[in-house]
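Please look at the sequence and the model below before reading on.

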Amino acid sequence: MTTELRPIIQLGNPTLRQKAAWVEDVHDPAIQQIIDDLIATVAKANGVGIASPQVAQSYRLFIVASRPNARYPHAPQMEPTAMINPKKVSHSSEVVKDWEGCLSVPGIRGLVPRYQAIEVEYTDRNGNLQKQELTNFVARIFQHEFDHLDGVIFIDRVESTLEMITEQEYQKLVSSNTK
C-alpha cells in the first residue's frame with residue numbers, strides 16, 4: 001500500500017457537519033489505508049491532529065500527532081496515534097481556554113474552552129481497546145478531533161468573536177511569548 005496525501009476539506013463542505021459513522025472493522029484494508037494517509041497528511045500540513053471527516057471520509061477515526069512544528073512550536077512530542085471509535089469516559093472539572101486552529105479552517109485561531117484532563121477509550125489500529133488519561137495540550141487535541149466526529153468545529157465553541165484572531169497575529173503572539 002502506498003501512502004497518499006489526501007486533500008483536506010474546508011469549512012462549508014457538508015461532510016464536516018455530519019455525525020461520522022462507527023468503524024465496524026478496524027482491520028479493513030480501506031480503514032488501514034485511511035490511517036496511513038491521515039498520518040502522512042497531518043505531518044505534511046503541520047497539524048497536531050486530523051480527523052477522518054477532514055479528508056471527506058466520515059468515520060469515527062482520528063489521529064493525535066502532537067509534535068513541535070511551525071503552527072504549534074510548543075507542542076509536546078509523541079508518536080502519531082490512530083484513535084478509532086473513541087469515547088470520553090470522564091473529565092476534570094477544570095476547564096482551560098487556549099488557542100486552537102484547524103486545518104479545515106485555515107488562517108483563523110480561536111480561544112476554546114476545553115477540559116484540562118480527560119479519560120478516554122479508543123480502539124487502536126491493531127484492534128486493541130486502549131484506556132488513557134490525557135492532559136493539557138494532548139487532551140485539547142483529542143477533544144478538538146473528537147468534535148469533528150460529531151460535526152462540531154472549534155469556532156462553534158469560541159465564546160465570543162472577540163476571541164478569534166488570524167493565524168498571522170497568532171504567530172506574532174506566540175513568537176513574542178517565550179514559554
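1. The charged end of Arg109 lies over the ring of Tyr170, 3.8 Å from its centre. Arg109 also sits over the face of Tyr72, at 4.5 Å from the ring centre. A charge counts as over a ring if NZ of Lys or CZ of Arg is within 6 Å of the ring centre and within 35 degrees of the ring normal.

2. A word on the source: this is a predicted model, in which local features need pLDDT of at least 70 and side-chain atom pairs count only at pLDDT 80 or more, while totals for chains, interfaces and linings use all residues. Residues are numbered from 1 along each chain as its sequence is written, and side-chain values use heavy atoms, with hydrogens and water left out.

3. How many aromatic pairs does the structure hold? There are four. Rings of Phe, Tyr and Trp (its six-membered ring) pair if their centres lie within 6.5 Å; planes under 30 degrees apart are stacked, over 60 edge-to-face, and the rest tilted.

4. The rings of Tyr72 and Phe137 are a tilted pair, because their planes stand at 55°, with the centres 5.6 Å apart. Tyr72 belongs to the loop between E2 and E3 and Phe137 to helix H2, so this pair ties together parts 65 residues apart in sequence. Helices (H or I, at least four residues) and strands (E, at least two) are DSSP runs, numbered from the N terminus. Tyr72 is buried, with a relative accessible area of 7%; buried means under 20%, exposed over 50%, and partly exposed in between (1.4 Å probe, protein chains only).

5. Trp99 and Tyr170 make an edge-to-face pair, because their ring planes are at 65°, with centres 6.4 Å apart. Trp99 is in strand E4 (residues 95-102) and Tyr170 in helix H4 (residues 167-176), so the pair links parts 71 residues apart in sequence. Both Trp99 and Tyr170 are buried.

6. Five strands form an open sheet in the order E1-E2-E3-E6-E7, with antiparallel pairing. Strand E1 (49-51) and strand E7 (129-135) are at the edges with a single partner strand each, so one side of each has no neighbour in the sheet. Two strands pair if DSSP finds at least two bridges between them; E1 and strand E2 (residues 61-64) have three bridges. Phe62 in E2 is the bridge partner of Ala51.

7. Phe62 also belongs to one aromatic cluster with Phe142 and Phe146.
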